[in-house]
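Take a moment to look over the sequence and the structure below before reading on. The explanation that comes after them moves from one part of the structure to the next.

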Amino acid sequence: MIVELGHFALVLAFALALVQSVLPLVGALREDRPLMAVAAPVSVGLFLLVGLSFLGLTAAYLTSDFSVLNVYANSHSAKPLIYKISGVWGNHEGSVLLWVLILVFFGALVGLFGSTIPAPLKAATLSVQAWVTTGFLAFLLFTSNPFERIPSPPLEGQGLNPILQDIGLAIHPPLLYVGYVGLSITFSFAVAALLLGRIDAAWARWVRPWTLLAWVFLTLGIAMGSYWAYYELGWGGWWFWDPVENASLMPWLVGTALLHSAIVMEKREGLKVWTILLAIFAFSLSLLGTFLVRSGVLTSVHAFATDPARGVFILGLLVLFIGGSLTLYAWRAPMLKQGGLFAPISREGALVLNNLFLSAAAAAVFIGTLYPLALDVVTGEKISVGAPFFNLTFGPLMVPLLLAVPFGPVLAWKRGDLLAACQRLYAAFGLAVVAILFCYWLWGGKAALAPLGVGLAVWLMVGAVAELITRVRLFDVGLKRGVARLVGLPGSAWGTAIAHFGVGMTVLGIVTASAFQDERILTMRPGETVELSGYDVTFDGVAPRRGPNFQEDVGLFTLRKDGAVVDRLEPSKRIYEASRMPTTEAGIHTAGFSQLYLSLGEARGDGGVDVRVYFKPLVTLIWIGCVVMSFGGLVSIFDRRLRVGAPTAARSRSKSRSALPAAAE
Amino acid sequence: MTRTDAKTMTRKQKRLTLIGAAGVVLAAAAGLILFALNDQIVFFQTPTDIVQKGIPHGQRIRLGGLVEEGSLRRSDDARVDFVVTDTTSTIAVTYQGILPDLFREGQGVVAEGVVGPDGVFVADNVLAKHDENYVPKEVAEALKDKGVWQGQN
Amino acid sequence: MMFWISIAALTAAAALSVLMPLARTRQSLALSSDGGPAGAATGVPLDADVEVYRAQLDELERDLERGLINKADHASARTEIARRLLAAEEERTRRLQTPERSVGRSRRLATLAVIALVPLLSLGLYLTLGSPDLPDQPLLARLEAPVENQSVDQLVARVERHLSQNPQDGKGWDVVAPVYMRIGRPEDAARAYGNSIRLLGETEGRLTSQGEALTVANNGIISAAAQQAFEAAVRLDPQAIKPRFFLALALTQDGSRDAAVAAWTRLLDGADETAAWVPVARQHLADLTGTAPAPALPGPDAAQVDAASRMTTGDRTAMIEGMVAGLDERLRSEGGSAEEWQRLIRAQAVLGRADAAREAADLARTALVDNQEALAQINALVAELGL
């Protein structure tokens, strides 16, 4: 019963979403309060219904109910519990259901906690959110129904793609989806503002925390996906410019730009029209990413759904939402009041610069990702746009942006003083120069650009710290008062500094891991030793082993440094029984922030085996930096000042409310 | 630009400066993209293309086809040599590194690299994707054109 | 019944979530900015913009204190924000004074639309998409259902589950192997015999059955693996008829004429003339030596495979017939590959049921109508069997 109830709940949600698409918006346009008031309870109702539906599917997975086609095709009774659960979204239908669940979850958050958002804006926003929901529910019900049944069910399922039987990949899609879909709320806010023809000052204050929330999850999701590819694919790389990766990078870049332009809008009422456009683009790129992954237009590592009917449907949705919102933008944007002016050298100016470079970088990634597809469609010519293209375009666009980052927070609003800003950053500049010289001394001319990269990273990190220190005049007012002032700084100031520091860490990791990576590819026979970056790696032999649902050949390696054993690594080649699918598991030794990475190739007849060994200095900083960035975002979300209109003391003290995301108040 | 300049700027000048800066950045970005598209994209070729067109030595291409049965030879230092065929022509490929899990004789493969002066293709990247029945998209289409491919799709 | 009640409750709740706010009186909403719980909404200023500007003014003071801006900038910014604040206040007053429009009609329409649309659309759509009469079928419950209610497939699945957890249970493999043969899964039968041989040891019977399963799976052609099994069986019991019969058949299939003649002759030497396999063996011998009159039992190799099984004991006959019936039933209900249809036609012909074979051929043609290659194979087979 639970399965069919889940199915019915999904259909009912579709009907309810249709109502939600119309009534509150009509109410908002006609200033009819009861009609607007429909939005909040219905948004919660939609969440409960889709949630029930999701539970129904999960229950079917947990009980191995193979009368559900989706379960039969993607599960297996012998699968470990955790992968039965992750199997729910490890397939096309389930992942779209999760997508919709997150969509209505964000709607419900606005409905429940947006009590201070002006009623027309809230109603219109929830209506727009319901348009997207309706579109994707239709997509689910008519092309990808997860509740299709088999009247006489088979007794065993067909298992899950073993490459997906990984804890990293079990968590990665939900994180990424929260990021992707979180941008839908910003989109709905933007379209609602266009429909109502009015952008309140309050608008920016609500948009920024929502964007931040989505951005935090998107950052974590991308970092997690990158780490997963690093240790699971066995290629030793952490970013492949794979179209699926690019699909998540593009909304991230535009989302980051949006985050910064929303600051200008919030503080200075500038860049309104531009911010709206960014909000539309950010979610459009999320939709595009969903299209690329879900339609199977790219046959790539992640694309596990291939069905042209679905592709056409999503393409229709894509055209409808992106085309519709951009048309609306072209029509309504000129009517919006423009905000305050500012000098080119000012915090606004710096943020505009940030936006320019981020948007240009997003455009470069966009072209690099879609050009091969477009060319294939138009001329039939097959080309590939790989890392060299992106290194040549994305890299040069990032460098000036990163150079400018420390200036942003130290410049004043409206009219800045570049000289004064430089004075506040001289320490960072000095340390960066020292770092560059030190690197040249350490590595000589081995890689000419790398020390400059290290210098850039130091400049970013020290610049972030310097901003905080000079802001409270730590050295002028004495340590004690200075620290007190530091603690008293608003969350957004801390968030900015932490996030910018994280960017520096990621840059440092990227530079050192790519420029100073030590790599050996060789065939080793038992007993042989290879020396790499001060480590002696000895190959002891290959041993077969049995896992719960796979067989593997494990390479046994002993890692010594200065003669002492520091670790034993066991990279392996696995064959999953149900699907006879081989996978590679890398062996990784972490020392500080650096890693030694071992990946196994084909075994030779004589007991030898192909081995690829890397030493990647400071490589983990790439992901740690992303986590730090996300943490900065979180700190900024919880900045009390963002909770506009928390007028009474009693309410702001209420703990339960202050723990809720952001925008809320 | 100094502070006094900024102060004395009119509204119009401020706008123009901004638009100018934006124009410069966008023009630079567009230039970079066009340059990179001209220079850094890699064309997909089958062995027949290479034999007929005569790809200049040193130009990066993606070579796609089937790994010829019985052609795989492994030597020390993880070096592998194999032959890629589209059943009309063949190209010898040499590669140092770890082959992907799904690399098999008789299966589709895409190798990226350059044709050496001796006519041997030196690959620095070999791809086979994570699907047992997977034949790289380009390979499947190229083979279908030749009427060799008998896959379901 | 529970299901329909739940559906009705869900639909009612969904409709109510729309109707409740619509039905609420205007008074209770006049002060609140939204339809959330009235308590939470009271006391919230109508225009949040005012709050934003106040917060900005505070921040401006802090910036001045920190020295981020100079006095002159501070003053001008202050003026600017104050201007915005005033504008916001005016806007707020204006909106408070605007009387709410009369909305009675649109709301009544909305109410009606919701009452009609939500249940109609969701029920209509669900009845087309859903399968309300299909209950949940959790695997565990299905497997634990009383034995007498379970189909053979279900019982096999139970045994398979047991064996996947206890793969060392040789007896289990021994039990399931002939069942696999009966339900038309010779490949699995061969694997099961292989496991029981590995765990319980080689016997003539198991080896012969394994070879037989491999042969059936291979459409009657005796593969190298099957031949090894028969040879091993003969080593254990040199007098066993069945493996020797298959080995002779293998030689015949290979075209090793002299060796085959010798094998058949040895097999027939001192055989019980009433045994059912004897005519088949004689026929082969006659075919090979070219001295035979009209064939008593015409048919290709697969025919003899099945025939051989039939000859030994009555049980075998029953089993083969059961197997063919099972295959027949499965192909009729679920369809199958061209090879499976061919196996059925051949088997029916061999059992001497020409009508049934012709019927199977007709069914196969219908089932495989889209597959030219398969149709050609079926027609060739029909011609070969002389149906």
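This is a predicted model: local features need pLDDT of at least 70, side-chain atom pairs count only at pLDDT 80 or more; totals for chains, interfaces and linings use all residues.

Residues are numbered from 1 along each chain as its sequence is written, and chains are lettered from A and ligands numbered from 1 in the order in which they are written.

Chain A is divided into domain 1 (1–162), domain 2 (166–338 + 348–401), domain 3 (405–510 + 627–632) and domain 4 (518–616), with bounds that come from an automatic or database domain assignment. Between the C-alpha centres of domain 1 of chain A and domain 2 of chain A there are 23 Å. In this pair, 28 residues of domain 1 of chain A are in contact with 30 residues of domain 2 of chain A, where contact means that the C-beta atoms of two residues, placed from the backbone, lie within 7 Å. On the side of domain 1 of chain A that touches domain 2 of chain A, the elements giving two or more residues are helix H5 (81–86), helix H6 (92–113) and helix H7 (119–143) of chain A; helices (H or I, at least four residues) and strands (E, at least two) are DSSP runs, numbered from the N terminus. H7(A) gives the largest share of this side of domain 1, 10 residues. By class, this side of domain 1 has 19 nonpolar, nine polar and no charged residues, with Ala, Val, Leu, Ile, Met, Phe, Trp, Tyr, Cys and Pro counted as nonpolar, Asp, Glu, Lys and Arg as charged, and the others, Gly among them, as polar.

Chain A also meets chain C, with 64 residues of chain A in contact with 66 residues of chain C. The elements that give two or more residues to the chain A side are helix H1 (2–30), helix H2 (33–37), helix H3 (39–62), H7 and helix H9 (201–232) of chain A, and the largest share, 15 residues, comes from H1(A). By class, the side of chain A that touches chain C has 36 nonpolar, 12 polar and 16 charged residues.

Not counting residues up to four places away in sequence, Ala361(A) touches Leu253(A), Phe394(A), Leu397(A) and Met398(A).

In chain B, strand E6 (residues 108–115) is mostly covered, with six of its eight residues buried. E6(B) pairs with strand E2 (residues 60–67) of chain B in the antiparallel sense over seven bridges, pairing requiring that DSSP finds at least two bridges between two strands. Within this pair, Gly113(B) in E6(B) is the bridge partner of Ile61(B). E6(B) is also joined by six bridges to strand E7 (residues 121–127) of chain B, and the two run antiparallel, with Val110(B) opposite Leu127(B) in E7(B). The hairpin of E6(B) and E7(B) has five residues between the strands, and in this hairpin Gly119(B) takes a positive phi near 85°.

Chain C has 20 helices and zero strands, and 33% of its 387 residues count as buried.

Terms used. A residue is buried if 20 or more other C-beta atoms lie within 10 Å of its own, exposed if 12 or fewer, and partly exposed in between; C-beta atoms are placed from the backbone.
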